[in-house]
Amino acid sequence: MTVSWTPHRFTGGILALDTANTVVLRNDPEKTFDRFDNRAEIARFAEAASGFRATELGGRKLEAPAPEAIAPVVLSIRETTDRLFRNAVAKGAIATGDLPDFLAACADGLAQSRTEIGASGQPFGDPATPMAFESALAVSALSLLREETVARLRICPNCSWLFVDRSRNSSRLWCDMAVCGNRQKANRYYRRRTAAREATDV
C-alpha cells in the first residue's frame, strides 16, 4: 500500500520525530501499524521530507535509493529515538541508560556519510548535493539532545505521536489541532450529548 505523505504526517516539528511517528498508534497494540513495513515507503518518506522539512534541512534534498538496504539502520534510529525521547517526556529528563543504543544507532547512520555539516546557514551541509536519508535522520535525532528542545517535547494525547511544542507559552496539546484537536473536541461533544440523553431518559 502506498502512503500519502501529507502535512499531517510531518507534525513532529523535526525530521527525527516525524520518522518516529511513522509507527501509528503506538499506544494501542490492537490498532498500531508501521508505515515502513513496506520498505519502499522509506524512499517516499525521504522525498516528502525534503519538502516538508526544507527549513530544518537548509534546503538539502534527501535520498534513499536503496530503502531495503538502509531499512535496518533507519528503523534502529527511529526506535531508539522514540524510546529515548518518549521516556524523556515521561520523566522530564533523558535517562542515560537509554543513550548508548541511541548513539550507536546514530553512529551507524553516519558511518557511510561523506559530508560536512554545521557550517553557518548550512546545518545539514551543502544544499547543492543530496544527503543520504539515514545520515540526515541521525543528525536530526542528535539535535534533539539540546536541553531547550527536550523541555519542549510532548506526546499527543490523541494519537501518541511525539512533537516539539514551539508555541510561545509552551501550551500546545496536540500534534495537529486540525486533526487530533478536533477529533478530541468531537469525542468530548459526543460524550456530553450521550450523557445528557441518558440523563433525560432516566
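Burial and cores in a predicted model

Me: In this predicted model, which residues of α6 are buried?
Reply: In α6, the buried residues are Phe133, Glu134, Ser135, Ala136, Leu137, Ala138, Val139, Ser140, Ala141 and Ser143.

Me: What makes helix α6, residues 133-143, mostly covered?
Reply: Of the 11 residues in α6, 10 are buried, and buried here stands for a relative accessible area under 20%, so the helix is described as mostly covered.

Me: Why is leucine 153 called buried?
Reply: The relative accessible area of leucine 153 is 3%, and the cut-off for burial is under 20%, therefore leucine 153 counts as buried.

Me: Where is leucine 153 found, and which residues does leucine 153 touch beyond those up to four places away in sequence?
Reply: Leucine 153 belongs to strand β5, which covers residues 153-155, and, with residues up to four places away in sequence not counted, leucine 153 touches Leu17, Phe85, Val89, Leu144, Phe163 and Val164.

Me: Which residues touch the most other members of the largest nonpolar core?
Reply: That core has 41 residues, and Leu15, Ile42, Phe45, Leu62, Phe133 and Leu144 are those that touch the most other members. The elements giving two or more residues to this core are α1 (15-20), α2 (40-52), α4 (67-91), α5 (99-110), α6 and β6 (162-164), and α4 gives the most, with 8 residues.

Me: Which residues are in contact with leucine 15, leaving aside neighbours within four places in sequence?
Reply: The contacts of leucine 15, with those neighbours left aside, include Phe45, Leu62 and Phe133, as well as Ala136, Leu137 and Ser140.

Key:
Residues numbered from 1 in each chain as written. Predicted model: local features only at pLDDT ≥ 70, side-chain atom pairs only at ≥ 80, totals over all residues. Heavy atoms only, no water. Buried < 20%, exposed > 50% of the residue type's maximum accessible area, 1.4 Å probe, protein only. Helix = DSSP H or I, 4+ residues; strand = E, 2+ residues; numbered from the N terminus. Contact = heavy atoms within 4.5 Å. Core = buried A, V, L, I, M, F, W, Y, C linked by side-chain atoms within 4.5 Å.
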